Structures are given as structure tokens and as C-alpha cells.
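Welcome! Please take a moment with the sequence and the 3D view below before reading on.

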Amino acid sequence: MTHITVTVDGAKYADDVEPRLLLVHYLRERVGKTGTPIGCDTSNCGACTVLMDGVSVKSCSVLAVQADGADITTIEGLAMRGEAGGEWHPLQRAFHEEHALQCGYCTPGMIMAAADLLRDNPHPSTQEIREGLEGNLCRCTGYENIVRAVQRAAESGVSS
Amino acid sequence: MTAPTQAPPALELGRARARKEDARLITGQTNWTDNIVLPGMLHMAFLRSPYAHAKITSVDVSAAREQPGVIAAFSGADFADEQGSLPCAWPVTPDIVIPAHPPMAVDEVRYVGEAVAVVVARDRYAAADALEAIEIDYEPLPPVLDIRTALDEGSPKVHEAGNKSFEWTFANGDLEAAFRDAPVVLERTFRQQRLIPSAMEPRAVVASCVGGEFTLWSATQIPHILRLMLAMVTGIPEQNIRVIAPDVGGGFGSKLQVTAEEVLAVLIARRLGRPVKWTESRSEGNMTVHHGRDQWQRIRVAADADGKLRGLDVDLLADMGAYLMLVTPGVPLLGAFMFNAIYKMDAYKFNCTGVFTTKMPTDAYRGAGRPEATFGIERIMDELAAELGLEPLELRARNWIAHDEFPYTTISGLTYDSGNYEAATARARELLGYDDLRREQAERNAAGDPVRLGIGISTFTEMCGLAPSRVLGSLAYGAGGWENASIRMLPTGKVEVVTGSSAHGQGHETAWSQIVADQLGVPFEDIRVLHGDTQVSPKGMDTYGSRSLAVGGMALVSACDKVIEKAKVIAAAMMEASAADLEWTRGRFAVRGDPEKGVTIGEIALATFAAHNLPDGVEPSLDSDATYDPDNFSFPHGTHLCATEVDTETGMVTIRSYVAVDDVGKVVNPLIVEGQVHGGIAQGIAQALYEEAVYDDDGNLLTTTLADYLVPSAADLPSYVTSRTESPAANRLGVKGVGEAGTIASTPAVVNAIIDALRPLGVPDVQMPCTPERVWRAIQAARDGAQGSAAEQHEARQSNQTQGNSPQGMAPEGGASS
């Protein structure tokens, strides 16, 4: 067992974990952050994408011990929660308004990857969005509305 | 009583409402099955066969039981007396062979991935670790991998009864006469490769058994059918089984199944007296979630010199895989009614042979039988146009059912209620800039451009809204095709809507709210839609076959009718008027001729709840329950056009533009409809260009991961231009369904575009997926002539991994194999 300290969505956690424990399993099963789902076991689908110190990672490809000392943001921490139940992040709003999700399984990872994409490139072209989200698979939407949603969020100045 | 000036709420039908269900899906509050944790819950891991075909000579799970954290380990023999056989609900012929299909293999395994033992442990890591301690010996048997040779005498047998499951034939008209002396007869053989549905959420199951009462949470499309089937398979009384489909992350047919893991979870929860959970990994799922398609199609067409179709003769070999699962044999038969598509002809014959192989069973995948048929007919229509030197759209126009000929009974016996192929095609032509592209194509061909432009056409229709129960009965399906809905009017005037159609991404919570809002005149926001739990929605036929709106939506309308009928009597008493004098305007009863005097449905609901002054004999309830059985299928149609750039030097295909004009009847929510079209097109393009489940010569699945099985990303797909025409269906909502249209339409549009680009080079066909290598080889084969056949043989050897090399009556035509 290895002792780690991790900040997840603003709260601090200290845990003893097996060295082989995947970050995504740590988040889902130890911290209770089930908002981050698992879609594959070869790091192709991106459903488990979270931000680690502000940069997107596929949490199935990171060991919990590698996250020691890191600040993790999941989809559950993205919304700016307030007294009245929280305000959605511009990307969440844009995904809703553009109907950029159907079953919603890829959505947490897609939104987290898009957040990193817009941090890196606040005003991407549609082609840059398509290429920037290449590591995240969606089976429902055909991506058209996801591209539109990311554009819409970019126009609303999400990166600032 | 309300103010008379109150206008009824604005109509919801046709309004682009953002979805209600998004709130939980975009914030990470979704209730996936894998999120469920129950007190004392254990985790299951399955040991799976590494052989495509083998006898199990011994299994010893005792060492696994000794591993830390392991509570139990079982082999198939441990459940032999109670696990039953996984069901096939569609025995398509009286003499069909339906082999026993134990959830866990006992004596013999017949595909790689078949479950042979299970470990139950405290956590999923311990369960997976302990699998390695299981001792199991096999005696390998020869695999059976090619349906074209599986029926040969001397072929190894998958089952003792042989490799043929069934043969099913439909015929109408005098086929011999249609082909006799026909000026043009064309024969082509097309391959529908095997696909893996690849819903983003892997399957997951949680089962609990408390005091003989069972609850199964499953990532399923079919909680109601699953409940019934679990009762029939295990003998557990139906009333003691509750099935819950929580939020389900896509299905596309793959979760329209009764799986080994579901049955075993229930039995193991009972045996251990503790809840159990299993979540598959993607690699496990690629091997063991049912696959789709997998057919060889031999199609003959006879036509007059002007292109008028005389006859169509279709002979299919369909790969069943190792066993028949829930609707395995019925899937290719759905295509029987769709090969004739939108075209008129004198005679038609459809013959299908279902063949066993030692591979994962096939079953429904988005479109189920109809994409296969549409591909076959739309491909051969292009071939026929080329043969006749006709513009391919002109050939279609000479043969399709004209808009003033509806309702029209087709050669396969279906009556199409409405459609306007001329209108959809005209719109698509215009949006694509068809004529300009044809000119550009001619110029570039003349100039010998190494990058060829191709235009692909798909003027498709489909039968959906599954289905009239009597038709399903006539096709030997084991159940009906009705749908159920109920309405609960709450005292505050809010509404609970219960639907038997179980959504997994389609947006029922939003669309159903819109329909009920219009029918009852209550605000969209005041409606809550409940589904996916047999205790909450006890009756239903679930979601598949683009049936939810055309069947489930109509059940909603019937249920609303009943509420209004009940409300009328109570409203009359409230206003001291005669019910005969009342008029209903969405949401309100008023006295005819005195519109000032009225009561709203909300006021009636409260008065009904209080029940102080109800007329004698009137029950204090507005609630209703309705079951709707459609008279007919619905027939969405459309014209999809695709322009591709094909680089003849690299074989790379790039989609330059894609236009989809769909006629899905009346649209409840254009946002949702457009989303369904987008996603459907993407899956059809994926079949045309990227995806194939590949087995090697030993029957090992090679495409077990998303690195090998190429579900396309955003960078691999184009932007789509979508538009709609509208010819309303015969049902009261005028709706048809849209879940499968895009997938059915797009595959032939893309492949036709590739062949259109390459036909001037002598390339007659490219087998899907049209990868750069396959396209390049096809070009080389055409260029090299005699040498080309060597390249083909090379390609044939390569493709033997999935197709074998000794075609039985299904030999791809010369030059058409690569």
C-alpha cells in the first residue's frame, strides 16, 4: 500500500492505495466520483478523461499513486456550484443547448477534453476541434453537435 | 374556474426543446449500472474460452476458491441443473435448429470468449486475479469460420445437428417469367461484414435476491422482455423478478439481448445470498456482446432496356455465429421486406439460409436486416444504371413508387402509407449541387485527375415502428409489438407519464413531455416521464426498431384520450353542465357557446383528488392506462447523397460532402431528430469505411479493442448537411420514427460514391470496410488486368481470416472481390 494525498474537485483526500490501482477506479470506488465513467481498457475512448493539474488525462491510464499531490477536476467539479444548486460551466450549457449528447456516456470525458482543448486554443476552427477531440469517442451523435457545442462555448469565452 | 382569456399553451410538437435528461448527464450525476453499490455486494469475473471450438475435458476451480478475498468459484457444471438455456424468441421456421445455449459452457465451447467459469470475490481486482488459479483442460476441435463452406459435406460441425439452422423463403410474382428474355440481367455478390455495435457504456449487471425476491439492474434496452425471459429461463416466478434499466449508455441493438451474465448474476445472487455485480471490460465486450450484420448476398436483377425492373432474386447466407440468441434468426428476415425498397417490380424472391459458425452469435444491430437489404439494392441499382448507361437517379425515378400512388402495396406485401421520393430527391440534389458535381467529375475524369470524384446515391426507405402484433405472429416471433403508457394526474395538476418504452439516449423524457403537453394542455415543465423499471412501468415492449415514437408515442395519445374522457364527466359536474355540451380545447373544458365558463385539467385533477362532489358511480381518478398495437409499420424514407474524393495513388477515401434529406413524418423535436440522423449517418459511414470484426484462421477475434476495431472519431467523420421533407404517416401523430434511418441510408451512399469514382478505372466493387489498402488493391487489380487477379488472390488470402477461400455459390465476381 502506498499513501497518497489528492485533491479532487476542491476536497482533499488521503488514502492508502495498492500501487496498481487505476486513478479512475480510485475516483469512482474510493472517492465516490462516479460521474467519471469507464468506456474501454486501452485508453482509446476517453470517457474517463479528467483534468490533472489543469491538463486532461485519461484516468484509466494513470495510476492513483501517480496522482499523489495532484489537483484533479472531474465533471462533478466543473459546474460552479452555488447556494441555488450551482451554475453550469459554459461547456455544459453549450452541450445542452446544442444537443451534443444522447446517451451521455462519453459526455463527461468529452467535456473535460474540450475544456483542455479550449485552454490550449481558445478559438479553434471546426477542424481543430475535430482533431483536438480525436481521443474521445462518441457512438451516438456523429460528433456534429459536439463540434457545434465546443464552438459555442469558445464564442462565450470559456477559456477565460 | 379560470379566467376565460387564458390561451392554451403553445404547441410543443415541432419545438426544438433542449432535453430534460441532460441535467444529470452533463453534470456527472448519471445513474449508470456500474455506479450501483449495495451493502455486502460481491464482484464477479468470468473465465472465458480461448478456443473457438473445443471439448472441456476437466475444470477445477478449487484453487481459485483459496485465493484471498474470493468467496466462491463455479464452473458450468455447478449450474448445469438450473442455468437453463439462453432464449431464442424468433424460431423463424418450424424445422429451425435451435441448439441448447447454456449461459456457462458445460461440455463444449463454440466461440472464443464463451464463459466457462466464474469467480465471485470481495472486489473486482481479487476476482480477476483468482481466474488465473482455475485449472481447465480442453480438447480442441476444428473451428468453422466461413459460412460459404460451412454447409459443405465434410465441413466440421458446430453442433451435432449440423451447421444449417434454417432456410426461409419468400416469393411473389412469376420470377422465371421476369428473367426469361429480359434484355438485361445482372448478378452481383456483396459482402456485409461483421460489425461490433460498440455502445459506449459497456454492459453491467447487479443482482440481488432477498427473501426469494430478485432485483436485477442491467444496462439493457429491454427490462420488460428481460424480466419475462429470466422467469422462463430460470423458473423463478415472474412476479418475484424486478428488472431495472437505470441510465443506459447506448445500445444500438446490442443491449436487446438476454445475456449469460444476467442469468448467472441472478442465480449466483440466489446461491450466495449476497448481491453480485459484473461490469465487462471493452475487450471482453468486443468478444461477447453480440455482433451485427455478417452476410453474403447474391443478388440477381432483371430489367427492360429502359431500366424498368422486372424481377429481383436475392439469396442470402447469414452468419448466426455459434448459437441463436434473442432474435438472431429474425434479423436477416427483416431485410426480406426491404430489398425491393422503394421500387416497383413484377416478381421478387428472397431466400435466406442461417448458418452456424464458431464465432460470437450475431443479432440486432442498428437497422437489423434493413441496412443489409438497403445496401444490396442500392448498390445493384447503381450497377444496373452503369450497365444501361443511365444516370443513376434517373434509373431510380423510372422505378420508384410515385408520390400519387400511395398507399402502395409492394411486391413483398407491405403497404406503404405515404412517401414522396421525388420531393426528397429534388431537395437532396439541390443541397449537394449534384449537377455541378457531375460536371466537375466529368472534367476531372477527362483530365485524368489522380484524385477521383465520386457521387453516391441512396434513395432508401425502411420499415420501422415494430410492429403490428399480428404481423410478428405471422413471422413466428414469440411476442407482440404493442406498447403501453399510463398517465397519472397528480392533485397539483402535474403529470406523471409512465412508458413501457425504455430509453437509453433517445430523449424520451423530453419528447414524451412534449406529446403529453399538447394532448393534455399542461406545461412541458409540469410533466415527469418514468421508464425503465418493471415495478414503475410494469408493462412494456421496450426500445428497438425505431418503435418508441410510432408505437409508444401513440400509446401516450390513447392514454391521454382516456384522461380527457374521464375528466369530461367530472368537469360537467363541476360546472353543473351536461357533458354533451362541453368542448375540450387543450387543457380546458368549456361550455359550448359560453367559452367564459370553463375548468382546467389541473382544476379537475384537484377536484377529482378531493372527490367531494363527484357524480354517482364516477371513480375518483383521472389516471389511465393504454396499450397501442399498430395496424402497420411506418415507412420513413429519404435521399442521401455523398461526394467522395478517392486518391487513386494511396487508396484514401475522403468524404467531401454529405447530404441527408429525410422524411420521418411529423417531427416532435427537431433537435432530437437531427441528432438521430447525425449519429445514424456516422454509424453507416463507419461500416463503409472503418469497422470490421476480424477473426483469424483459428477463430480468435483480432479486433478486441478500440485500437483494432475502428469506431471513428470526430476527425474521421465529415460534417453533414441535413434537411427534411414531410409526408405524414397514417397514425394520429403523423410520425414515423428516425432511430435507424441514417444508418440504413448512409452505407450504400458512401460505397456507391467510391465505386462511382473508380468505375471509369474498371473497378466494379470494393468490399467493406473500404480501407485505403482495399481501395488501392482494387485499383491495381483493375489496372493490371491479368496480373490483377494475382493481387486479388493475395487479397482473398488476406480476407480469408474472416471469409475463407472456398466460396459455395457465393464466389465474388471476377474483379469484385477486393
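Residues are numbered from 1 along each chain as its sequence is written, while chains are lettered from A and ligands numbered from 1 in the order in which they are written.

Let us begin with confidence. The predictor assigns the complex an ipTM of 0.97 and a pTM of 0.95.

Where pLDDT is low, predicted coordinates should not be read in detail.

Next, the interface. In chain A, 44 residues are in contact with 41 residues of chain B. Elements giving two or more residues to this side of chain A include helix H3 (90-97), helix H4 (107-120) and helix H6 (144-155) of chain A. Helices here are DSSP runs (H or I, at least four residues), strands are runs of E of at least two, and both are numbered from the N terminus.

Now to helix H6 of chain B, residues 260-272. Its 13 residues reach 18 Å from first C-alpha to last, close to the 18 Å expected at 1.5 Å a residue; the expected span is 1.5 Å times one less than the number of residues. Is H6(B) mostly covered or uncovered? H6(B) is mostly covered, with ten of its 13 residues buried, meaning that 20 or more other C-beta atoms, placed from the backbone, lie within 10 Å of a residue's own. Among them are B:Val263, B:Leu264 and B:Leu267. The buried residues pack against several elements of chain B, including strand S1 (42-48) and helix H5 (223-234). Just after H6(B), B:Gly273 takes a positive phi of about 65°.

Finally, an open sheet of three strands in chain B runs in the order S22-S23-S24, with antiparallel pairing; strands pair if DSSP finds at least two bridges between them. Its edge strands are S22 (582-585) and S24 (594-600) of chain B, each pairing on one side only. S22(B) and S23(B) are joined over four bridges, and B:Glu583 stands opposite B:Ala590 in S23(B).

Key. This is a predicted model: local features need pLDDT of at least 70, side-chain atom pairs count only at pLDDT 80 or more; totals for chains, interfaces and linings use all residues. Two residues are in contact if their C-beta atoms, placed from the backbone, lie within 7 Å. A residue is buried if 20 or more other C-beta atoms lie within 10 Å of its own, exposed if 12 or fewer, and partly exposed in between; C-beta atoms are placed from the backbone.
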